[in-house]
Amino acid sequence: MANKMIITCALTGAETTKAQAPALPVSPEELAVSAEEACRAGASIVHLHARNADGTPTADVKVFKAAIDLIRKKCDVVVEITTGGAVGMTPEERIAPVALGPDMASLDCGTVNFGNDYIINTLPIMRQFASEMNLHGVRPTLECFDVSHVQSSHILIKEGLLKPPYHYGFVMNVPAALSLSVKTLSYMIDQMPPGSYFTVMGIGRAHIPGICAAIAAGGFIRVGFEDNIYYAKGRLARSNAEFVERAARMAREAQLEIASPGDVRKLFGLRGA
Ligand code: ZN
């Protein structure tokens, strides 16, 4: 795996709307089509949020199930669901879809500003989420929006709630949270336990710098409409696959092979490895 690049595609998120990005996949059917296209373009993991028919975010287990079932029918991509949910959801709502047994799930490692809003992740919530993921054999991606979140993950590790190999997701440049720079990213990386893996998630304008930073620092890449809607300045992306294709091209130019879903299953010890 040393010279393979894992690309995650965050298909939709909770915030982006079709009004902002007409190509945004929203329904389970659209999510499955977008997941297959992203997988074909080089994504080995898709990060999944669910939406109601009107496009608003939902944690409805039935909607998640419909999307996961359709994705699994189309391709073998690793499915990671959100437990960050959306602003205003209760922890109980956010964790419920983990019972469906996706391959992976995000586990937010601290409370964070989210523009004018905020998402609450106290230690008790983090413990509850980690326990629930262990119960269902779901491997967490430890999403950190701040350096203190990486440090908080050590508490769960000490308590035996997280098992190696740890996979961190550094969410950089959320408005009112930590910005992306070589210094901030380096400090995040320094706080990880030895032997951990990490994916850089550059939000908005940090999209391409995030890809470059991941390649330079030996991490993995995340792209997709959740994180960014512009392919270039003033030009909306036509699809999630378009973002993935560029990320794969950049990784290949850096002499990295693109990891397959099977590579990810083996590396992270997922079911079916
Ligand atoms: Zn997400």
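This is a predicted model: local features need pLDDT of at least 70, side-chain atom pairs count only at pLDDT 80 or more; totals for chains, interfaces and linings use all residues.

Residues are numbered from 1 along each chain as its sequence is written, and side-chain values use heavy atoms, with hydrogens and water left out.

**Backbone features in loops**

- Asn173 has a positive phi of about 90° although it is not a glycine, and Asn173 is found in the loop between β11 (167–172) and α6 (182–190).
- Helices (H or I, at least four residues) and strands (E, at least two) are DSSP runs, numbered from the N terminus.
- Ala176 lies in the loop between β11 and α6 as well, and its phi, near 75°, is a positive value in a residue other than glycine.
- Ala176 has a relative accessible area of 52% and is therefore exposed.
- A cis peptide bond, with omega of about 0°, joins Pro164 and Pro165.
- Pro165 belongs to the loop between α5 (147–158) and β11.

**The zinc site**

- The zinc ion has as its protein donors His47 (NE2), His49 (NE2), Glu226 (OE) and Glu226 (OE), which lie 2.1 to 2.6 Å from it.
- Donors are N, O and S atoms within 2.8 Å of the metal (3.2 Å for Na, K and Ca); water is not among the atoms, so sites may look incomplete.
- The four donor atoms subtend angles of 54 to 133° around the zinc ion, and the arrangement is therefore irregular.
- Four donors count as tetrahedral if all angles lie between 85 and 135 degrees; four count as square planar and six as octahedral if opposite donors are over 155 degrees apart and all others between 65 and 115; anything else is irregular.
- Along the chain, the donors of the zinc ion follow the spacing H-x1-H-x176-E.
- His49 lies in the loop between β3 (45–48) and β4 (50–51), and Glu226 in the loop between β13 (220–223) and β14 (230–232), so the pair ties together parts that are 177 residues apart in sequence.
- His49 is buried, at 6% relative accessibility, whereas Glu226 is partly exposed, at 24%.

**Pocket and cavity**

- The largest pocket holds about 860 Å³ of space.
- Of the 41 residues that line the largest pocket, the closest to its centre are Ile203, Gly204, Glu226, Asp227 and Asn228.
- On a 1 Å grid over the protein atoms alone, a pocket is an open set of points with protein on both sides within 12 Å along at least five of seven lines, while a cavity is a set of points where a 1.4 Å probe fits but cannot get out; lining residues have an atom within 4 Å of a point.
- Grid points are joined across faces, edges and corners, and a volume is the space filled by probe spheres set on the points.
- The lining of the largest pocket divides into 17 nonpolar, 15 polar and nine charged residues.
- Ala, Val, Leu, Ile, Met, Phe, Trp, Tyr, Cys and Pro count as nonpolar, Asp, Glu, Lys and Arg as charged, and the others, Gly among them, as polar.
- The structure holds one cavity of 30 Å³ or more, and the largest cavity has a volume of about 60 Å³.
- Residues that line the largest cavity include His49, Phe64, Met89 and Arg94.

**Cysteines**

- A search of the whole structure finds zero disulfides, a disulfide being a pair of cysteine sulfur atoms within 2.5 Å.
- The sulfur of Cys144 is 4.5 Å from the closest cysteine sulfur, in Cys109, which is too far for a bond.
- Cys212 is in no disulfide, and its nearest cysteine sulfur, that of Cys9, is 18 Å away.
- Cys144 is buried, at 0% relative accessibility, whereas Cys212 is partly exposed, at 39%.

**Helices**

- Helix α9 (residues 261–268) is mostly covered, with six of its eight residues buried.
- The buried residues of α9 include Pro261, Val264 and Phe268.
- Leu70 is found in helix α2 (residues 61–74) and is partly exposed, at 25% relative accessibility.
- Leu70 and Pro28 are 42 residues apart in sequence, and 7.2 Å apart in space from C-alpha to C-alpha.

Definitions and conventions
Buried means under 20% relative accessible area, exposed over 50%, partly exposed in between (1.4 Å probe, protein chains only).
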